Structure formats: structure tokens, C-alpha cells
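Dear colleague,

Here is the structure for your files. My notes on it follow below.

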Amino acid sequence: MDLSDIEISFDYGGDSESERREIVRNVQTIMTTPIGTCPLYRDFGLDVSALDYPLDIAQNLIAVAAIEAIEKWEPRVTVKDLTFQPDTSGQLKAKVVISSG
């Protein structure tokens, strides 16, 4: 599972382009920061402890953790869908669909 290259798509319009870029950047930061690694914000980020589980269980646990983290740390959006897609190297990449909160 590769959480370093995340596809994020919007299921809404209306916000300015700069605000969309800011939201995408924030969601990418949340998804790529392991929980406990941000000084002074130890609960910021994504709980990646499930990566050691079998793939189907890890996908579900990571999806739940990601949805909770995004909705906690980026309150302007809600997660409509979070899926994992295989790439040509055999890794799974996260795809997150968000809408205005």
C-alpha cells in the first residue's frame, strides 16, 4: 500500500481555485503524516499501524482512519469515497473523493 501518491478529487464546485489547492494540500499532508510524528500535534495525521495486517483488513482499517483524520483536521470537507487502486507495480494507491462539508 502506497500512501505517498494520493489522488484527490472534488465532488463539488464553488470554492476558489486557491482554496481547492489548499484543501488538496491539507488532505495530502494528513494522508502522508503518520500519527505521532508531528511535534506539538501528536494526534495529527493518519494511524498507519494497520499496514502490518493482511491486505483486505488493512484497506478497511486505513480507510476508516483516513476518513476520521480528514474530517477531524480538514473540517471544510467530508469524504464521499475512499478507495484503493492497484498500479502497474503491484502497489495500492489511495483515491479520495471529497465534497464541501
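Is Leu-40 buried or exposed? Leu-40 is exposed, because its relative accessible area is 83%; buried means under 20% relative accessible area, exposed over 50%, and partly exposed in between, with a 1.4 Å probe and protein chains only. Leu-40 sits in the loop between α1 (17-32) and α2 (55-73). Its phi is near 75°, a positive value in a residue other than glycine. Most residues other than glycine have a negative phi.

Before the rest, a word on the source. This is a predicted model, in which local features need pLDDT of at least 70, side-chain atom pairs count only at pLDDT 80 or more, and totals for chains, interfaces and linings use all residues. Residues are numbered from 1 along each chain as its sequence is written, and side-chain values use heavy atoms, with hydrogens and water left out.

Overall layout

The protein chain has two helices and three strands, in the order β-α-α-β-β from the N terminus. These elements are DSSP runs numbered from the N terminus: helices are H or I with at least four residues, strands are E with at least two. Of the 101 residues in the protein chain, 32% are buried. The accessible surface of the protein chain is about 5,900 Å², and carbon and sulfur atoms hold 50% of that surface; the areas come from the Shrake-Rupley method with a 1.4 Å probe, and for residues only the protein chains shown count as cover. Among contacts in the protein chain with a separation of 6 or more, 48% are between residues 24 or more positions apart, where contact means heavy atoms within 4.5 Å.

Helices

α1 has 16 residues and reaches 22 Å from its first C-alpha to its last, close to the 22 Å expected at 1.5 Å a residue. The expected span is 1.5 Å times one less than the number of residues in the helix. The buried residues of α1 are Ile-23, Val-27, Ile-30 and Met-31. They lie on the same side of α1, because they cover an arc of only 95° around the axis; the arc is that of the directions from the helix axis to the C-beta atoms. An α-helix has 3.6 residues a turn, so residues three or four places apart point the same way.

The end C-alpha atoms of α2 are 26 Å apart, which agrees with the 27 Å that its 19 residues should span at 1.5 Å a residue. Buried in α2 are Ala-58, Ile-62, Ala-63, Ala-65, Ala-66, Ala-69 and Ile-70.

Pro-75 counts as exposed because its relative accessibility is 61%. Its C-alpha atom is 9.9 Å from that of Ile-23, which is 52 residues away along the chain.

Aromatic pairs

How many aromatic pairs are there? The count comes to two. Rings of Phe, Tyr and Trp (its six-membered ring) pair if their centres lie within 6.5 Å; planes under 30 degrees apart count as stacked, over 60 as edge-to-face and the rest as tilted. Tyr-41 and Trp-73 have ring centres 6.2 Å apart and planes at 85°, so this pair is edge-to-face. Tyr-41 is in the loop between α1 and α2 and Trp-73 is in helix α2, 32 residues apart, so the pair links distant parts of the chain. Phe-44 and Trp-73 have ring centres 5.1 Å apart and planes at 70°, so this pair is edge-to-face as well. Phe-44 lies in the loop between α1 and α2 and Trp-73 in helix α2, so the pair ties together parts that are 29 residues apart in sequence. Phe-44 is buried, with a relative accessible area of 15%, while Trp-73 is partly exposed at 27%. Ring pairs link Tyr-41, Phe-44 and Trp-73 into a cluster.

Strands

Strands β2 (residues 77-86) and β3 (residues 92-100) run antiparallel and are joined by nine bridges; two strands pair if DSSP finds at least two bridges between them. Val-77 has Ser-100 in β3 as its bridge partner. The two strands, β2 and β3, form a hairpin with five residues between them, and Gly-90 in the turn has a positive phi of about 90°.

Glu-7 is in strand β1 (residues 2-10). Glu-7 counts as partly exposed, because its relative accessibility is 41%. The C-alpha atoms of Glu-7 and Lys-93 are separated by 7.8 Å, although these residues are 86 residues apart along the chain. Apart from its neighbours within four places in sequence, Glu-7 is in contact with Gln-85, Ala-94, Lys-95 and Val-96.

Regards
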